[in-house]
Amino acid sequence: DICKDASVAKLLVLRDYLERAEFDKFWNEMYGGGDDDDESVVDGIAGFDSGLRKLILGEVTSTYQTIQAKLVGKMVSLDEEAVLRLAKEHGWGVDDAGMVSLPLKAENEAKATVINENVKFEHLTKLLCAASDV
């Protein structure tokens, strides 16, 4: 059974971390597991790390308006200095406290929503009568 193969099982675990946006666990499992064979799962895939970082950063910019540089570093497995360079490349603002300001997008912008419901008077009276009986 192919699912019992160690490499496939490893890929399934890694996929689960990515689907749950547990990016720091992904990188830990990928390269920090202590087993030298773990790296062979993606060996030979040119640009794997940079492509994955690009995907993760897309999720981050769609989700956050501001985020700590240290947290971005954990999510993309980069040190703080590399995150600051990355922020500069993307035109993100970084304040003295290490907070990264991301540009507003349709996905990360807070919007007020108004919900209107049409309730007929007959239904309202039934509801009020039922509430007074309780």
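Guide: What follows is a close look at helix 2 and its surroundings. The model is predicted, so local features need pLDDT of at least 70 and side-chain atom pairs count only at pLDDT 80 or more, while totals for chains, interfaces and linings use all residues. Residues are numbered from 1 along each chain as its sequence is written, and side-chain values use heavy atoms, with hydrogens and water left out.

Helix 2 covers residues 23-31 and helix 3 covers residues 48-63; helices (H or I, at least four residues) and strands (E, at least two) are DSSP runs, numbered from the N terminus. The axes of these two helices come within 12 Å and cross at roughly 170 degrees. Axes here are lines fitted to C-alpha atoms, for helices over the stretch in contact, and angles run from 0 to 180 degrees between N-to-C directions. Helix 2 and helix 3 are therefore roughly antiparallel (angles under 35 degrees count as roughly parallel, over 145 as roughly antiparallel, 65 to 115 as roughly perpendicular and the rest as oblique). On the helix 2 side, the contact (heavy atoms within 4.5 Å) involves Phe23, Phe26, Trp27, Met30 and Tyr31; helix 3 supplies Phe48, Asp49, Leu52, Arg53 and Ile56. By class, this contact has eight nonpolar, no polar and two charged residues (Ala, Val, Leu, Ile, Met, Phe, Trp, Tyr, Cys and Pro count as nonpolar, Asp, Glu, Lys and Arg as charged, and the others, Gly among them, as polar).

Helix 2 also meets helix 4, residues 69-76. Their axes come within 6 Å and cross at roughly 45 degrees, which makes helix 2 oblique to helix 4. Phe23, Asp24 and Trp27 of helix 2 touch Lys74, Met75 and Val76 of helix 4. The classes in this contact are four nonpolar, no polar and two charged residues.

A polar atom of the Lys10 side chain lies 2.9 Å from the backbone oxygen of Glu29. With 10% relative accessibility, Lys10 counts as buried (under 20% relative accessible area, with exposed over 50% and partly exposed in between, using a 1.4 Å probe and protein chains only).

The loop between helix 1 and helix 2 holds Ala21. Ala21 is not a glycine, yet has a positive phi of about 60 degrees. Its relative accessibility is 45%, so Ala21 counts as partly exposed.

Key: Polar contact = N/O pair within 3.5 Å; in protein donor to acceptor, adjacent residues only side chain to side chain.
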